[in-house]
Number of protein chains: 4
Amino acid sequence: MKVGFIGLGNIGLPMATSILRSGAEVVAFDLDPARVAKAVEAGARGAIGPTEAIAAVDAVVTMVPAGEHSRRVYLDDGVIASAPAGSILIDCSTVDIATERALKAAAAAAGHDMVDAPVSGGPLRAAEGKLTITVGGTERAFERAAPVLAMMASSVHHMGAGGAGLAAKICNNLVLGIELAGLSEAFALGGKLGLDPEKLFRSMSSSSGDSWALRELCPVPGPVPTSPANNGYRARGAAHLLLKDLGIAQAAAQLTGVPLPMGAAALSLYTQMKNAGLGDLDVCGVIKMYEETTDRASHA
Amino acid sequence: MKVGFIGLGNIGLPMATSILRSGAEVVAFDLDPARVAKAVEAGARGAIGPTEAIAAVDAVVTMVPAGEHSRRVYLDDGVIASAPAGSILIDCSTVDIATERALKAAAAAAGHDMVDAPVSGGPLRAAEGKLTITVGGTERAFERAAPVLAMMASSVHHMGAGGAGLAAKICNNLVLGIELAGLSEAFALGGKLGLDPEKLFRSMSSSSGDSWALRELCPVPGPVPTSPANNGYRARGAAHLLLKDLGIAQAAAQLTGVPLPMGAAALSLYTQMKNAGLGDLDVCGVIKMYEETTDRASHA
Amino acid sequence: MKVGFIGLGNIGLPMATSILRSGAEVVAFDLDPARVAKAVEAGARGAIGPTEAIAAVDAVVTMVPAGEHSRRVYLDDGVIASAPAGSILIDCSTVDIATERALKAAAAAAGHDMVDAPVSGGPLRAAEGKLTITVGGTERAFERAAPVLAMMASSVHHMGAGGAGLAAKICNNLVLGIELAGLSEAFALGGKLGLDPEKLFRSMSSSSGDSWALRELCPVPGPVPTSPANNGYRARGAAHLLLKDLGIAQAAAQLTGVPLPMGAAALSLYTQMKNAGLGDLDVCGVIKMYEETTDRASHA
Amino acid sequence: MKVGFIGLGNIGLPMATSILRSGAEVVAFDLDPARVAKAVEAGARGAIGPTEAIAAVDAVVTMVPAGEHSRRVYLDDGVIASAPAGSILIDCSTVDIATERALKAAAAAAGHDMVDAPVSGGPLRAAEGKLTITVGGTERAFERAAPVLAMMASSVHHMGAGGAGLAAKICNNLVLGIELAGLSEAFALGGKLGLDPEKLFRSMSSSSGDSWALRELCPVPGPVPTSPANNGYRARGAAHLLLKDLGIAQAAAQLTGVPLPMGAAALSLYTQMKNAGLGDLDVCGVIKMYEETTDRASHA
């Protein structure tokens, strides 16, 4: 099997490497030639442009930062137009819903099968080939994409028709962002009320406040040794990426007429966090938005 | 052992009954004589006032709706003043932090031991003697209260000094309220994006969006058969009670200077829910605040 | 002078009529032939498509509902591509910032002058030729657009380079939406505290709470006789239009990394208002989101 | 006329001085003897305790920081109990609604007339005797208080029964806080979109976004020369005082069951502002919560 792979960033490159490790061939492209060189080192064939990357391949995988890049690759750069009729196109990027819909429509008009297949798990899981992927598309498109996705993921979920994979990721991360901000304000409040964070953690994790976020990403140092809170909030998942997903959720909510007060409050907190220069910290570092500081007093 | 018990509401009465079942004597009082009569039926001795209820008892338990009632019982009605020096006072009510602090100070000045010991679990768990109780107070006060609490609870946590029991409950329920509102907006958004709720549930519960609230109180009908969502949102825990706790959290945040944007957004949603006449529904019924309706159009 | 006019809705049609009344010729197009017929009745020449509407005209004016329509007209339908080089294009639509930027770039590449020129004032002011228009574009583009704008408006402000006209309208309406929601909660709270709305109005309007919104659109019946609150909230400016602008503000905030907690809370309220079937009411009808109702109780 | 005056802070002292200047006698008390000494310098007679300050006076005025202090003076220190029956008590403090209600009830039970009479205008207006005062109480209480209030204020409004004066101030400042945060996000967004703040100000102030807050406290330097924004945000009205009022509004909303999403979002912003060490800046300095900073990056 030969896979055309476009987008060799922090997660894209290890994804392409996972495909190579599974025994498939990869033709790789990125706007940055240095990234292409790294893929070539790993065994891929380098391409000098998107359309070269997809010529004569069995499947196309894209992994770009945002909707605008996905539009550029598929529409402006001509991937949809130049792919042989009946191609299987796999967009692993996390894009906005409007972009997803526009791409699916264009792909369908050109006679291709296409799935939205956004990934979760970060660079480490990508390197291990153990990402989690939620997939949206027809049964046929999913069946065609599944063998390629299996090379990169330990967990692949077909969530429904086109867009459902993206929707599932966005809804999950909307909840995650809200929970982390909620946990942050509970631990900030508890601390001010004199509660020992260890005891608050034990009580909450055995009660109705329990969650994956609490057990894995407890936002205060102490209770969960593996939480980034014990490591200077060094990112397991970077805040600026969650901020991006909260923004996609907000745009999707406007598109569909759903009020989003909780998600919007979380979005504002993560925006403030990024503006404070903390966007590269872990998602649980949002607790810093609840802390007292006198840093800015001198600016007055 | 003889226990003076004040406050025989939906949860207080079964708590008093649990104490009786454990073999202790109970002297019971409530402002409503009909509630006292029920306690007498269950084996308690009825009292005609708060001070009679606490005369010659080994421990005092109170279970009243809110801070103002707790102040009335302990301060205005003279429970603290008239209790024999060195009494153990157990306030199982969920009150505001300012009230808790005022009562502890008054009790200490009068030479009593006092614990804040708010309960979780609702009427059913109260009837089974299987409540969860978080306790705040000195070691000595906790040790004196523990045998009484054990008659009513399957799980008793000493959270720290005075106020810590209350703080733990409030922080937990702050998180719960935020999560339920967050889950509601994720399922509302997912639904509008065409996601099958069953699939969204399965994906989220096996991912970073997992939580106790999702698994027990999934806000849409279907995925979790035991969720109130499958039963017309008939309350396992009533929304108006969570609203009360969110209000206490907000007041505590103001007292201690913690910003609370997430908790405040949840508080507004539960307030709207109560104002829409839905306060007696289950906490997960907050999803109704995200739904489209044309009910009010005719008012225009 | 001959003007090509595309988009003959509730505001577009009276705008085109104002141009005719000023003595200019109009070639008019709308997707709905009935609207074209109305323009023809008013003296315009009807066109059978966007490109016909702009052939051999001195200026092009567009007035469509949202960004997607503006993209369709200018890009997909070929207005930018088919207009003679050096045309002056005037988009009076209120579109999202990303669309505005895409259209300006395309127009510049094709050698046209283009301005964003969103209008305020509603159908009545449009019919009188007394709209307020904020304009963004180069000095040259503004000077070319100004004579056409003067036919439709009593007040035309050149706000700066491309995008500035749109930005000014969005920032203004962001403030308006926030103020109306804020006034609504103040009057709702005041009412519950027993304040006479007349007295609250007099006190606030002579103090630091004064605003145009208070004096013109006071959200409770009584204090301001001309407020829609005294007329069943019949729209002077419809809530669903303000909702649209709050959405554009939110999208612009995400694009530029500005936190928007106030605007987001207002956006949620107006979304709830529309979902309650009240989107056609006046903007000040948002106070209904603060009212008690038992309408939905029976749904439980 | 002889006035007992309790509470000689930044505003209380110039208020007492205004009364002296009007020709009345003042018996003054404050917990801080240095403040009493200043009042004595200004011509008052000093008292060594609250009850001495109110012995044999024609009216009692109190001006303390918050509800807890007002409760202490009137209830714990015995001002209500020890005042001669039928006294007129004037609380100029801005207290929470629950405190106001408790004090009115106690005063009525003791046979006194009492008004809530919170002041606006700050230390400068206090020194000039030109405060604005909103008053709540019976007609009789108002008539008795009016001559004393006239010595301190240029504008006195009788807003209704007991509590109405306080409610009016709180509702006004709720709106003010919401508007300032709203203006801040509009100017922050406008700036990022490339809008000249001068032009945004001119456009907004001649349109539906106009308000007292915009014209007096425009949050960016430039457009309004007298705005604190041009003076390093040196306080005309300090942010921590508005924060206090937003907290009272929030508590009042909970007491009365009004959702307060806008006020809550503003409360969170001002809390963050205070926690950043900026609580002494002007209320319009809340725009700093919208700014980018890399101050905290090094903490990561």
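F5(A) stands opposite A28(A) in strand β2 of chain A, where strands are DSSP runs (E, at least two residues) and helices are DSSP runs (H or I, at least four residues), both numbered from the N terminus. The model you are looking at is predicted: local features need pLDDT of at least 70, side-chain atom pairs count only at pLDDT 80 or more, and totals for chains, interfaces and linings use all residues. Residues are numbered from 1 along each chain as its sequence is written, while chains are lettered from A and ligands numbered from 1 in the order in which they are written.

**Around strand β1 of chain A**

- β1(A) covers residues 2–6 and β2(A) covers residues 25–29; the two pair in the parallel sense over five bridges, and strands count as paired if DSSP finds at least two bridges between them.
- On the way from β1(A) to β2(A), the chain passes through helix α1 (residues 12–21) of chain A, in a right-handed β-α-β crossover. Right-handed here means that, with the strands pointing away from the viewer, the path from the first strand over the helix to the second runs clockwise.
- β1(A) also runs parallel to strand β4 (residues 59–62) of chain A, joined by four bridges. In this pairing I6(A) stands opposite T62(A).
- How much of β1(A) is buried? Four of its five residues are, so the strand is mostly covered; a residue is buried if 20 or more other C-beta atoms, placed from the backbone, lie within 10 Å of its own, exposed if 12 or fewer, and partly exposed in between.

**Two domains in chain A**

- Chain A is divided into domain 1 (2–161) and domain 2 (167–290), with bounds that come from an automatic or database domain assignment.
- The C-alpha centres of the two domains lie 29 Å apart.
- Their contact takes 10 residues from domain 1 and 10 residues from domain 2; two residues are in contact if their C-beta atoms, placed from the backbone, lie within 7 Å.
- On the domain 1 side, the touching residues divide into five nonpolar, four polar and one charged. Ala, Val, Leu, Ile, Met, Phe, Trp, Tyr, Cys and Pro count as nonpolar, Asp, Glu, Lys and Arg as charged, and the others, Gly among them, as polar.

**Where the chains meet**

- Between chain A and chain B, 57 residues of chain A are in contact with 57 residues of chain B.
- α9(A) gives the most to the chain A side, with 19 residues. That side divides into 34 nonpolar, 17 polar and six charged residues.
- Chain C puts 15 residues in contact with 15 residues of chain A. The largest share of the chain C side, eight residues, comes from α13(C).
- The chain C side that touches chain A holds six nonpolar, eight polar and one charged residue.

**A look at S184 in chain D**

- S184(D) is found in helix α9 (residues 164–192) of chain D.
- Why does S184(D) count as buried? Because 22 other C-beta atoms are within 10 Å.
- Not counting residues up to four places away in sequence, S184(D) touches P219(D), V286(D), I287(D) and Y290(D).

**Confidence**

- Chain A averages a pLDDT of 95, and 98% of the residues score at least 70; pLDDT is the predictor's confidence in each residue, from 0 to 100.
- Over residues 296–300 of chain A, pLDDT stays under 50.
- For the complex, the predictor gives an ipTM of 0.94 and a pTM of 0.95.
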